[in-house]
Structure formats: structure tokens, C-alpha cells
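Please open the model in your viewer and keep the selection panel at hand. The stops below move from one chain contact to the next and then into a single chain.

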Amino acid sequence: MRLPRLALAAVSAFALLGGTALAQDKTFNIWWFEGADSAQGITWTKALEELKAAHPDVTVNFEQKTFDQLQQSGSMILNSAEAPDILEYNKGNATAGLVASQGLLTNLDDAYTAMGWDKILNEGQLVLSRYNELGVYGSGPIWGISTYGEYVSAFYNIDAFEKAGVKVPTTLEELTAAFDTFKAQGVTPLALGGASTSGQHLLASLAYTKADDTWVQNYQGLKAPLDGAPYLYAAQTLTDWLAKGYITKDSTGMNDDDASLQFTSGKSPVYVSGTWNLGNFSANIKDFKWGQFVIPTPKYSVGSTGNLWIIPKGSKNPELAKEFISLLLSEKYQTEQANNGGVSFAADAAKVTNPVGANASAVFAEIAAKQGLGFYPDWPVPGYYDVLNQKDTGLLQGTLTPEQFVDEIKKVYDDAQASQ
Amino acid sequence: MATESISVGRHRRGYYLYLIPGFVGLFLIVIGPQIANFVLSFTAWKGVGTPRWVGMQNYQRLLTDDQFWGSMHNTLLYMISMTAVPVLIGLVLASLLFDYVRDQFSERLSSFFRAAFYLPQILPLTVAGVLWGWILSPVGVANALLGMVGLGAYTQNWIGDATYALPAVSLVIVWVQVGYCLVVFMAGLSRIDPALYEAAQLDGAGWWQRLVSITVPMLAPEIFVVCLTTLIAALKVFAPIFVLTQGGPDDATLAPSYLTYFHFFTTQRVGYAAAVSTVQMILTLGLAVIFLLFQQRQAERGV
Amino acid sequence: MAEATVFASSPAKSVTVHAHQTRSPMRWVVLALLLALLVFTLFPFFLALLNAFKPGPDYVRGGPLSIPSYLQFDSIAKFWRDADYSRKLFNSTLISVCVSVLAVGISLFNAYALGIGRVRGSTVILAILLLGTMVPQESIIYPIYWMAKTLGLYDTQLSVIIVTAVLHSAFGTYLLSSVMSTFPREILEAAEIDGATRWQILTKVVIPIMTPTLMVLGTFFFIWTWNEFLIPVVMLVSNNNQTVAVAMGLTRGQNMSDPTLQAAAGLLGILPTVIFFLIFQRTLTRGVVAGAVK
């Protein structure tokens, strides 16, 4: 594909010689990796159409990326001339934080006030947008904006609950009682992907029920060696549930696809996972009514604001990029997103007709209102995701006792914390 | 057979010219980057920004890294599943298809089987990983089948259980590798003078005997090539682990290449990853040299 | 010039007239075993086939083994559209063919010098060239990324072609040189006596005779390149440049994957190589060696 490149270089050179960089302002490159069927994908496509209509002289180039690619070579791409004008990027120290600290992004502090985003977002929703010079979140300039939320909850089979005479639990005791009832009827209550994400999210959800503000801040901010108490509680609870038969021994080898299947095929009435399942469940569960409930917790749940829109430093069209973000934050598109089943923070509740989206946005608002977003357990340390998966598996298989589990994850955490 | 070159003296030098494209490529793509990698192994770097010199620190870490030693230990096991088993199966199968099936049935049936057994090689490993994941999951096909034939007691958590994970991954590896060995061996078989087989048959030698006394010695060049390449592949094995177990459960299936990938791209500890891959490279090199010397000595003894 | 008829393929064909072994009943046992092995080998493909046409609700209800209540082509159509699959097919084919040709060429040149020219230090040179097979790709990717960026070759298919061809040519050199070292001297000497230059010997004598082996090598290279993952994922950024293997990643989102879509993607991903393989299957029956002089 050399020839088009040479041609493009020639045209650019010519344009530059002409004194203006006209050729380049006329294109707007945008990437994201949310699926085309997801609430975000649909909403963003519509918003992009409106942007196109508002600027007929600009060629808008959209590329659907894969999560894999950006996760793996994101920083390499941002460090090159191939980066687009705006793209979706994974939030967190290891991803957005890293590239922010390397000066690869455009600072959005001014845009925040100038474009009126400060009227829509509060500080709580900006926590993951700020990164300091070391690439650690929570403080520093605003480097990206998130336009949706996500959280982990328990999906449950409404019909199965009714049939068994179980009410939606509001405390952990009620939750275990509900599991007991199901077990007595010969049903495995909880589907779990022990080898994968839902495993560590359940663990974290349980751990967060014992977490206070200091713990969460220290944990996520890598500020001190790990206080293992919440995790010890979670690990003990999990092994307890395993012993009581609330989770199957098979869980260790199951990934989220298998666990989700266990739920959707009606075998288990409860599945703990994130809002990313909403699209699949809405489209494909036809056999029973389903809903979500938050895992009973004093304050913290696993969840966060969604992925960030970032503007690379070398973006040729930062103004259009900011305009796009404004569109997404506008009531019109936040409502649109909720109506597509997504988790919005600024939708007009009266105009949201999709029950899934309405409910999800409401739950998110509830958690956010009490500042209960505990973020994800694998964030503090790059690569922690794999560590947690592995140790989780060991715990469920019985090769690690709860104490050993905590020791192992503490070792990796403390290592990273010390070598900052 | 005369061993002198057909061209003498100064003519020989002209052949060096033909090595130029290969060597230029080698330096640019292999040697240069390897040296860069070696230098990187003495730094701490996150992939962007400037690397920080740390001397031997990465190598010192390596010595006490359980994951690293575990992966080395697993490599020995992977050598079995990537080399020994596929080569043996490949030999037997090749001989079976070429000698027995072609004779007892038809050439076409033999070709059909060969094509079918090669198909796993064509499948992108990412796809194979998903498909085998469905089969090996605890609620998957493998256990379902065991249940159906009454062997329900043997159902296991194939990928999730640390005891069975490595054998399970090895099974997938063998499934993929046999095709390559089979095809190379069958191609080699067609150059063996059939008169040798006829003579053996007349002498009353059965299929197995023919395999052992004629096929194996005559196929020596192919066997060497396949053994060396699969051995090197075993040291570099990455894709099956990446798609099936991500090194787990609890590092049971971890291999050096996956460990380096993990540190290169996930934890972004590029300097450390460079150190691990340098060690991996040296080991591979050592093994290959030993193997090549062995092959050369065999060749000198007369093939 | 000597003719190449000495190096016939499948020499066994001409002599099957003789002793067929007596068709023993054992053969049915062997056939049964082979068929069992076949089922084991092809089962995953069957799974892909089964699930590619399965409707979503069927999958969430019954899992991978369930029989679809009806067949739908939506997954395949969706994947084709989302991945811009025709473009990816074109890219993969282009890259694989280029790599094949380039790698065979480099291997041929190297092997010519080593196997036939028998230059001094052949063993050492071969060992050095073999380094290309040993290098783990992860260890060279960062330096290659930097090199490509500096040369303006980042996000070009040319970079992928060059890197992959060089890496594959290491194996090719090893294979070809060991084959070429058994090349019959008489033919080469005859050509020399006829006054042929090295180049002419290569093109007029060696290549025609080695063609079957070169085709086998080329087929291997095509298939290996088609399934290459790491280098294309890192080096190819724009969707327009990407290959089929990269497109597979589309079925795996950040937190979950779409199984029926994965099956559809898998099916679409192997169809081209299967077709290619079936077409070139014949070449794999030819000898990998230049043949023995009868």
C-alpha cells in the first residue's frame, strides 16, 4: 500500500507549501471498540451522524477497533502518527494513566469549563478522568471524559425466585438464606465463572462490603501495603459457599461465557456480573423474566464510570473531538443511550422508555450518589487481573486456603506498591 | 558420491553473493532487534518514554521468580507434547496411510485422511482455542461424552484444575501438531524406493517391521527437520496457552513466551520481559546447537 | 541439459502392479481406528459449523452442543459486515502470497549458496540463519516497531511482509539446504561444462527440478502467514490494512465474547485456507527431496 501513502505525503506537502494545512482539517478520525450492537455503539453512531450533518465539509472516518488491539498496542499507537483525532480508551492507571503521564494526550481542563461539561458531570464522575504525572488516577489534570457508567450486580431469574418463594435480598443474611432455599430444592443457586472476570468481581463485591473509605482509597491508589482483611472475609465467604454447595466445584474451570450460559439456560437463578451483559440478556433471554439487584453492601460496589474518550496530543481536529464529547453528554444522547439499554448519568428520566436502561441508570445513580463506586479489583497493579484470576482458581479448588490466598495477592500488591 | 564442490577456487566465492538478501534480512529483523532486546534487558521501561538503566536487576529478579522457574519446568513437559508425541504419532500415521491404507484401500482414501488430519494446522489458534474451550470446559462436550459412555466418574475440570490443565493443553497442542509431522513424513515417504518395501514384504516383514527397519532410517532427514523445528516451537509455545488458560490455573500451564508477553504488554515491565526472553533465546540456541551437532555427526556416519 | 524426468513423483505408482498384500480383515479394524481418530480431529470444526448458524436464543438456552431450532445466517452476515471481511480477506491473501513468494525466494538463494555452492563455513552460516526460527516474536516486536516508525513503515503491510518473510525464510533455508545438498552433482557439473553461469544454473536447472519442494514450502508459508497474529496486530493499525487473524478479535469484547459470532468468525476464517489447501493438496504428494537417482 505504498502508493497511496506517497500520494498522501505529496498532497500534504503541497498543502503545507500552500501555507495552510487545509487538507488535514477536513478529516475527522474517530475510533471506538464498543460493539456495534451495544448501547454505546448504537448511541455513538447516531451522535456521529449528527456531527457529520453539522459539518458537511468534513470527512468523518470511523474505525471499529477491537479491545484486544487497543489494550495491547494502545500506547504504541498513541506514540505514533497513526493515532486518530479522538478515541475510546480503557480507564485506569495501567492504560489511560500511562499514556497521560507520557504526554501523549490533550489536556481537557479548559474544555471542561469552556464546553459546559462542568454543568453535567460532578467531581465523582471525574475521578477516573484525572491522572497525575506518575499516571495515578484521582488527581491531576483531566485527560479523558467518560459518558456512561458500569457496575457489577446480581442478575436474577425473576420467575425462579417467585416459584421458590424467595424475595429479593436486601442484606447479606437474606442473600445466603435465599441461596439456602434454592439449595434445598436441589438447584445450584449461583453461577460463577471462577476462571474469569465474574469470579474476581464476586470476590471483590464481597470484599467491598467490609471496606471503608480509607481502605478503598489506599487500595486503588496503591498508597500502602495491602490490608488483607476485606479480602480474607471474601475468601472465607466464598469457600463457605462452595462447601455449602451454593457454587459448583466446576466453577473453577468455567469462564464467563459458561457461567452466563448456566444462568440464561435456567439452571442457576443468580449470576453476578456487570452491566456489559445487558445487551446479550435483553436480546436473547426469552424463556424467563430477569432483573438485577445490587449485592447488599454498606457503601461500596464494584463499578466505575465507563471507558474514556481521549484526544491524542497530535489530534488534528481537537475542536470537533470536544464537540463530539459534548454531544454525548447532552441530555438528548444520554436519554438515547438509556433507551438503548445503557447506563447514563444525565438522562431525562421522564423520556426513558426502556425499562432495562431506566433501571440500570437508576441503580448507577444510586451507587454514585453515595460515592460508592469502588472501581475494579484489578486496577491498582498492572497485570493484577491475571493474578486475581489465578489465585481465585486456587482458592476455589482448595489448593489455597483463604489465608494463603490473601498472602499471595498481598505479595504481588505490596511488591508493586513498594516499587513505585 | 563426490563431495567436492563442483566449482573450485575463486568460483566458490561467487556463491556468497546469494547469501546477501538472507543476511540483510537477518540483521535487520533478527540480529539487530535481538541486540536491542538484550540491551533493554538491563533497563526498566514502560514501553513509552525513556528507559532507565538498572544493570543486572532484572536478571537478579529472574533468579527468584517462581513464575519463571515454573515456566521453564513446564517447557520440558511441552517438549513432550509438541515434539515427541506428534513425531511418533506422525510417523506411525504416515506409514499407516502411505503403506497400509494405500495398499489395502486406495490412494484416494489415503489422501483424504491426510488432508483431514492436516486441517487442525490451518485453523487459526484463536479459533481453535474457543472451540476447544467449549469441549474442555467442566460443563462442556468432553465431560458430556464421558457421561454418555458411562465413564462419568472420570469427568474432570480439564482446564480449571491445576493437575489436568497442562495435559489438557498438551492434548490440544498434539491435535494441532500431528498434521504438520504427518504431511512432511508422507512427502518424504514418496521418495523412498518402493523396491525396498517389496523386498521386505517378500521376506515376510509385517507393516510394523517395515516401519522400524526401513521407514525410520530412510526418513532420517525429515525426522531431523521435524524434530528440530517442533523442539524450537516447544520452547516458543505461546498461542494455545494464550487462548486456553492464560498460563493458569495458578501458573500450571505457564510457558516462557507467555510470561514475556504478559510482561511486555500487560504489566508493561518491558525491561524484565526482555531479560526473560533473552534467557529463553539463549536456552533455545543452546538446544539447537546441540541438536545440529548431533545431526551433523549422524550425517557424517553416513545417511 | 539433463532432463528432469528422473525425478518423478510418487514412484510407487509405476510398480503397484505387483504384490498387493492380500486384503486382510485387519484392515477394517485399522479403518475403524482411523475413523475414530478422524472424528476426534474434526470435532471442533463440526462445533464451529453447528454454532455459526445457531440463533442467539438457542445458544443461551442450550449451549454449544444444542441443535439449532432453525438456521440463521445473521451471525455470518453480521461478522462479514462488521469486520469488513472482504477487505480483510484481500489483505490476508495479499500478505500471505507476498510472504510466500519472498520467503521462498530468500530461502532458495540461501540454500543455493549453502547446499549447492557449498561455501566455506556452511554449517556455521546455516546455524546463524537458523536463529530466525528461534527468536521469540515478543522479544523483537518493540525494536521492529521503532524501526518501522522511523522508516515510515508503521501501519503498512510491507512491514509485515518483510518481517514475516525473513522469519519464515529461516525454516525454508534449513529445509531447502538439506534437500539441495543431495542434489545430483552430475547434472550440475554437466551444466557447468556447458558453460552455464551460476545464475543460469539456478534458474534453468535447479528451480525446475526443485519446483515440487518449493511449492510445498510455499504452501506451508502461506498457511503460517495466514494465521500470524502478533506481528499484524501490533504493526497494522488502520482497519483497512488488517488481516483476517486480527479481525477475529472483534468477537471478543472487553468483558465478554459472543459465542455464535465467534463460531461464525471461525468458520469464515478457515474457509479460505481450507480451499487453498485443497487446491494445493496435490503438491504435498510430491517429494520434498530432489529424489534419488535410480
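Begin by selecting Lys78(C) and Asp37(A), which form a salt bridge with their closest N and O atoms 3.3 Å apart; the term stands for a side-chain nitrogen of Lys or Arg within 4 Å of a carboxyl oxygen of Asp or Glu. Between chain C and chain A the count is 1 salt bridge. This is a predicted model, in which local features need pLDDT of at least 70 and side-chain atom pairs count only at pLDDT 80 or more, while totals for chains, interfaces and linings use all residues. Residues are numbered from 1 along each chain as its sequence is written, chains are lettered from A and ligands numbered from 1 in the order in which they are written, and side-chain values use heavy atoms, with hydrogens and water left out.

Now widen the selection to the whole interface of chain C and chain A, where 42 residues of chain C are in contact with 37 residues of chain A (contact means heavy atoms within 4.5 Å). The two chains bury about 3300 Å² between them, 53% of it on carbon and sulfur atoms; buried area is the accessible area, taken with a 1.4 Å probe, that two parts lose on being put together, summed over both. Across this interface there are 9 residue pairs in polar contact, both residues at pLDDT 80 or more (a pair of N or O atoms within 3.5 Å; within protein, one must be able to donate a hydrogen and the other to accept it, and residues adjacent in sequence count only if both atoms are side-chain atoms). Several helices of chain C each supply at least two residues of the side that touches chain A, among them helix 3 (74-82) and helix 4 (85-116), and the largest share, 5 residues, comes from helix 2 of chain C. Helices (H or I, at least four residues) and strands (E, at least two) are DSSP runs, numbered from the N terminus.

Next, show chain C with chain B, a contact that takes 103 residues from chain C and 100 residues from chain B. The area buried there is about 9400 Å², of which carbon and sulfur atoms give 73%. How many salt bridges are counted between chain C and chain B? The count is 0, whereas 11 residue pairs are in polar contact, again with both at pLDDT 80 or more. To see the largest share of the side of chain C that touches chain B, select helix 1 (residues 26-52) of chain C, which gives 18 residues.

Finally, select Lys91(A) and Glu150(A), whose side chains meet in a salt bridge (3.3 Å, N to O). Lys91(A) lies in the loop between strand 3 and helix 5 (93-101) of chain A and Glu150(A) in strand 7 (residues 149-157) of chain A, so the pair ties together parts that are 59 residues apart in sequence.
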